[in-house]
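User: I have a structure open and would like to learn how to read it. Can you take me through some features, one at a time?

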Amino acid sequence: MTIAERILNGDTLTPQEAYTLFVDETVDTMTLVHEAYQLRKHYYGHKVKLNMILNAKSGICPEDCGYCGQSREMKNKQRYALIPENQITEGAKVAAENEIGTYCIVMSGRGPSDKEVEHITNSVKHIKAEHPQLKICACLGLANDAQAAKLKEAGVDRYNHNLNTSEHYHDEVVTTHTYQDRVDTIETMKAHNISPCSGVICGMGESNQDIVDMAFALKKIDADSIPVNFLHPIKGTKFGDMAQLTPMRCLRILALFRLINPSKEIRIAGGREVNLRSLQATALMVANSIFVGDYLITGGQPNQLDYDMIQDLGYEIDYGEAPTAVTNG
Ligand code: SF4
């Protein structure tokens with residue numbers, strides 16, 4: 001029986017099995033991709049989910065995340081406070097016109113003030129009135145119970161808060177908040193029936209074991225949506241000179257995440273174009289979701305190239321059902 005058949009029959013890989021598969025150089029990367037593809041095909045057929053990011057507040061962040069061009073260590077030019085509501089709603093219109101399923105409103109910072117949450121919730125109510133089919137994902141940082149309740153009431157479907165890396169490697173990436181802070185925010189959102197979106201950034205100096213641990217940590221918190229970012233090094237950041245990734249390693253990571261989280265929305269997120277390069281289409285045979293347009297402070301490829309890739313693969317855009325909220329881990 002193949003690995004995919006085993007998993008489709010309800011079996012799960014053990015952490016040791018997953019690690020062995022991931023590091024065993026006699027297991028060809030395309031063999032892993034093929035196994036992962038069977039799972040992607042089973043759960044998502046030929047569908048691809050599209051997401052679009054709005055960078056609603058940029059820079060000026062007191063945190064010290066080593067990958068981020070918006071941290072306090074950086075003097076990036078894209079520094080602005082929370083943009084007006086009409087610009088947030090205008091971004092939603094652009095998303096709707098571009099066949100986007102989920103509009104992701106992202107704010108830099110440790111976490112939102114109550115005033116900022118009110119600003120976002122007012123915007124979301126307007127968006128939901130005008131584009132009821134458009135799913136809203138908020139990514140506002142560490143958030144508390146009362147803020148989660150307000151986001152839910154306004155119609156926020158999903159909340160993104162990445163684990164980013166393994167628990168073991170976390171303190172190498174950021175020192176101003178803990179791994180547990182991140183887990184707590186995800187659990188808070190789940191408690192309010194907001195669909196949890198949580199993922200990782202690979203290529204920050206983590207080990208193979210860290211990558212396997214991340215995939216299992218996301219399984220444990222039961223993230224509905226898993227963005228897998230590949231580090232796009234930004235000069236001046238802690239990891240600005242890191243060059244750990246190859247297109248084949250990115251494929252291997254995506255395949256591992258699919259084998260461990262077979263039914264979840266796995267998104268090729270930031271760094272897709274620069275790290276996967278000509279293998280982006282192959283990666284979409286494992287993942288079932290991408291961002292269209294620019295990332296937070298790095299550019300994506302022209303939208304049309306993404307639509308062409310989807311068409312060339314014989315895939316079609318999936319507007320999707322409302323993300324299913326998960327209430328326990
Ligand atoms: S990732 Fe978020 S919290 Fe960390 S430095 Fe960047 S903006 Fe701040």
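This is a predicted model: local features need pLDDT of at least 70, side-chain atom pairs count only at pLDDT 80 or more; totals for chains, interfaces and linings use all residues.

User: Is Leu-142 buried or exposed?

Analyst: Look at the relative accessible area. Buried means under 20%. Leu-142 has 17%, so Leu-142 is buried.

User: Which residues does Leu-142 contact, leaving aside its neighbours within four places in sequence?

Analyst: They are Arg-110, Gly-111, Pro-112, Gln-147, His-161, His-177, Asp-181, Arg-182 and Thr-185. Now try a distance. Leu-142 and Glu-35 are 107 residues apart in sequence, and their C-alpha atoms are 36 Å apart in space.

User: Now a strand residue, please. Where is Leu-50 found?

Analyst: Leu-50 is in strand 1. Its relative accessible area is 1%, so Leu-50 is buried. Leaving out residues up to four places away in sequence, Leu-50 touches Asn-98, Glu-99, Ile-100, Gly-101, Thr-102, Ile-290, Val-292, Tyr-307, Ile-310 and Ile-317. Arg-110 is 60 residues from Leu-50 in sequence, and 27 Å from it in space, C-alpha to C-alpha.

User: Which residues of helix 13 are buried?

Analyst: Asp-306, Tyr-307, Met-309 and Ile-310. Seen down the helix axis, these buried residues fall within an arc of 155°, so they line one face of helix 13. On the other side, Gln-311 and Asp-312 are exposed.

User: What do the buried residues of helix 13 pack against?

Analyst: They pack against strand 1 (47-57), helix 11 (272-276), helix 12 (280-283), strand 9 (289-291) and strand 10 (316-317).

User: What follows helix 13?

Analyst: Gly-314 follows helix 13, with a positive phi near 75°.

User: How should I read a positive phi?

Analyst: Check the residue type. Most residues other than glycine have a negative phi. Here, Ile-60 has a positive phi near 55°, and is not a glycine. Ile-60 lies in the loop between strand 1 and helix 4 (85-97). Glu-99 also has a positive phi, near 60°. Glu-99 is in the loop between helix 4 and strand 2 (102-107).

User: How accessible are Ile-60 and Glu-99?

Analyst: Ile-60 has a relative accessible area of 48%, so Ile-60 is partly exposed. Glu-99 is partly exposed as well, at 35% relative accessibility.

User: Where does Arg-249 lie?

Analyst: Arg-249 is in helix 10, residues 247-260. Its relative accessible area is 22%, so Arg-249 counts as partly exposed. Not counting residues up to four places away in sequence, Arg-249 touches Phe-22, Asn-208, Ile-211 and Gln-244. Arg-249 and Asp-224 are 25 residues apart along the chain, with 24 Å between their C-alpha atoms.

User: Last, the ligand. Which residues surround the ligand?

Analyst: List the residues, then sort them by class. Cys-61, Glu-63, Cys-65, Tyr-67, Cys-68, Ser-71, Ser-108 and Gly-109 surround the ligand. By class, this shell has 4 nonpolar, 3 polar and 1 charged residues.

User: Which cavity does the ligand take up?

Analyst: The ligand takes up the space of the largest cavity.

Key
Residues are numbered from 1 along each chain as its sequence is written. Side-chain values use heavy atoms; hydrogens and water are left out. A residue is near a molecule or strand if one of its heavy atoms lies within 4 Å of it. On a 1 Å grid over the protein atoms alone, a cavity is a set of points where a 1.4 Å probe fits but cannot get out, and a pocket is an open set with protein on both sides within 12 Å along at least five of seven lines; lining residues have an atom within 4 Å of a point. A molecule sits in a cavity or pocket if more than half of its atoms lie within 2 Å of its grid points. Ala, Val, Leu, Ile, Met, Phe, Trp, Tyr, Cys and Pro count as nonpolar, Asp, Glu, Lys and Arg as charged, and the others, Gly among them, as polar. Buried means under 20% relative accessible area, exposed over 50%, partly exposed in between (1.4 Å probe, protein chains only). Helices (H or I, at least four residues) and strands (E, at least two) are DSSP runs, numbered from the N terminus. The arc is that of the directions from the helix axis to the C-beta atoms. Contact means heavy atoms within 4.5 Å.
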